Amino acid sequence: RLGLLYVNVTLLHTERRSSFMKWLCNFLKGTKPVESNHRRRPRVTAGEESSLWQQEPVRPKREDPPRHDNEELDRQIALSLAEEAKRPKERNHNKGENDEDLAKAMQDSLNMNPYMPHNPYAPSQALPRGQRVCGGCKHEVGHGHYLSCMGMYWHPQCFRCSSCTHPIRETEFTLLGAEPYHKLCYKELHHPKCDVCLQFIATNRTGLIEYRAHPFWGQKYCPSHELDRTPRCCSCEKMEPRNTKYMSLGDGRSLCMECLDSAVMDTGECQPLYHSIRDYYEGMNMKLDQQIPMLLVERQALNEAMEGECKGPHHMPETRGLCLSEEQTVSSILRRPRIGGHRLLDMRTQPQKLTRRCEVTAILVLYGLPRLLTGSILAHELMHGWLRLKGYRNLSPEVEEGICQVMSYLWLESEILPASTRHAQPSTSYASSSSSSSYRPPSSKKGGISHTEKKLGEFFMHQIANDTSTAYGDGFRTAYKAVNKYGLRQTLNHIRLTGGFPV
């Protein structure tokens, strides 16, 4: 019986000790992790990563264990100490195992953070607080709010817009590569604006930004402005911005302020330019023996004259000049009109009867165009006159218009390119059969031309070189290639003999 009693007491002691250790381990491990339901998840647009504002967790105060748990703990400790004092051998036998369990439970309790919320937006490898370094100031991210974005941590005041440098505090922002922006700052920098209405260009039905752009000036505008009757300069083709007013010429045409600055408005004003272009021809050994009258006319008069002209039916969609071969009465502009309220006032015209004394009756040019454009038209029409006076007959539109466009292009080139550059070009002189020498008269404008006028001249040359029509575009490119290869004299001789360009 004594042996049986000893065994029962031993088992009871073991059970009490085991239950005490389990309770102590559970107590040290604490409660299960709790997830927070109040997290702010900002959206990131046009970037690679999302982000989340986080706050350093604050541990709640652990509540005291219930009173009956304290009594149970005291009783268990007292009973354990009494039993261990009676049986030292058994205590030494189980000491290593119990201490190991206790140490393991304490280590698990230290390693576990039940208050850290689950963060799907944070970097894949979370770092302890002491190892978090701000991507802006490079200092440690301590207690309080912080941002996890682009694989780094940030203080709120260090996460700044790459444009305005102010902190980004909105719930949405834009990433361009590794540079963050406020959404509005990004839009101001990278979203194209219309140069006409000065507003952001809207997206189309598919969500893409759609706009038109001028091939030379690069002016961007909404497609709707092609249909809403927005004025366009009849010279440089720029559309009228909303903060600028173009000059109305009264015949459906408008002129921008840059083109108006050098516009030729009446016949008397155009005479010096006309004579300088005749001198240009003479310098190329292509003197015109006849004195061909030149008149500056309105749009309606030019259209009427074109209808009455039976020869030379090759005209551009918007006719600006005409080489007449028939006798007609034409109304020319006698005096330069006044400018008032973005309109031309007091336009005075005079009817003039043109009598045919040779193959060419007169040259008509549309008024109100810039000096360089007016000059290029005169150079073109004078070449028509020269061909007729020299007996070039029955030329195809591609050949006649092509060689006339070459003369217009070469005159523009002589006006805007430096003399050293012009002399370096292949010869175009009619008198020269070699490409080793050339003659280019100086610019017809005294004192040179302004930067704005030079850009206009480059645009007019660009128009000639990139014309898409068969007669004016393809004809020019073929003629210009032949002139550069064989010279102007041999090209014209070949045209006289064959009616085409040399290959």
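Here are some numbered notes on this structure, which is a predicted model.

1. Let's start with the whole chain. It has 503 residues, and 40% of them count as buried. The secondary structure comes to 13 helices and 19 strands. If you take the contacts with a separation of 6 or more, 62% of them link residues 24 or more positions apart.

2. Now look at strand S3, residues 145-149. Four of its five residues are buried, so the strand is largely enclosed by the rest of the structure. S3 runs antiparallel to strand S4 (residues 152-154), and three bridges join the two. To see one of the pairings, find Leu-147: its bridge partner in S4 is Trp-154. Together S3 and S4 make a hairpin with two residues between them. Met-150 sits in that turn and has a positive phi of about 55°.

3. Next, the nonpolar cores. The largest one holds 78 residues, and the members that touch the most others are Tyr-281, Met-286, Leu-364, Leu-378, Met-383, Ile-403 and Leu-492. Helix H9 (residues 397-416) supplies the largest share of this core, with ten residues. There is also a second, separate core of eleven residues, and Cys-149, Trp-154, Leu-175 and Tyr-181 are among them.

4. Just after the helix comes Gly-391, which takes a positive phi of about 85°.

5. Gln-405 lies in helix H9. Is Gln-405 buried or exposed? Its relative accessibility is 7%, so it counts as buried. The side chain of Gln-405 makes a polar contact of 2.9 Å with the side chain of His-380. Leaving out residues up to four places away in sequence, Gln-405 touches His-380, Ile-464, Tyr-472 and Phe-476.

6. The other glutamine, Gln-219, is in the loop between strand S7 (212-213) and strand S8 (220-221). Apart from neighbours within four places in sequence, Gln-219 is in contact with Asp-195, Val-196, Arg-212, Ala-213, His-214, Lys-238 and Met-239.

7. Last, the cysteines. A disulfide is a covalent bond between the sulfur atoms of two cysteines. How many disulfides are counted here? The count comes to zero. Cys-164 is in no disulfide, and its nearest cysteine sulfur, that of Cys-185, is 3.8 Å away. With 24% relative accessibility, Cys-164 counts as partly exposed. Cys-233 is in no disulfide either, with the sulfur of Cys-236 as the nearest one at 3.6 Å. Cys-233 is buried, with a relative accessible area of 2%.

Definitions and conventions:
Residues are numbered from 1 along each chain as its sequence is written. This is a predicted model: local features need pLDDT of at least 70, side-chain atom pairs count only at pLDDT 80 or more; totals for chains, interfaces and linings use all residues. Side-chain values use heavy atoms; hydrogens and water are left out. Buried means under 20% relative accessible area, exposed over 50%, partly exposed in between (1.4 Å probe, protein chains only). Two strands pair if DSSP finds at least two bridges between them. A nonpolar core is a set of buried Ala, Val, Leu, Ile, Met, Phe, Trp, Tyr and Cys residues joined through side-chain atoms within 4.5 Å. A polar contact is a pair of N or O atoms within 3.5 Å; within protein, one must be able to donate a hydrogen and the other to accept it, and residues adjacent in sequence count only if both atoms are side-chain atoms. Contact means heavy atoms within 4.5 Å. A disulfide is a pair of cysteine sulfur atoms within 2.5 Å.
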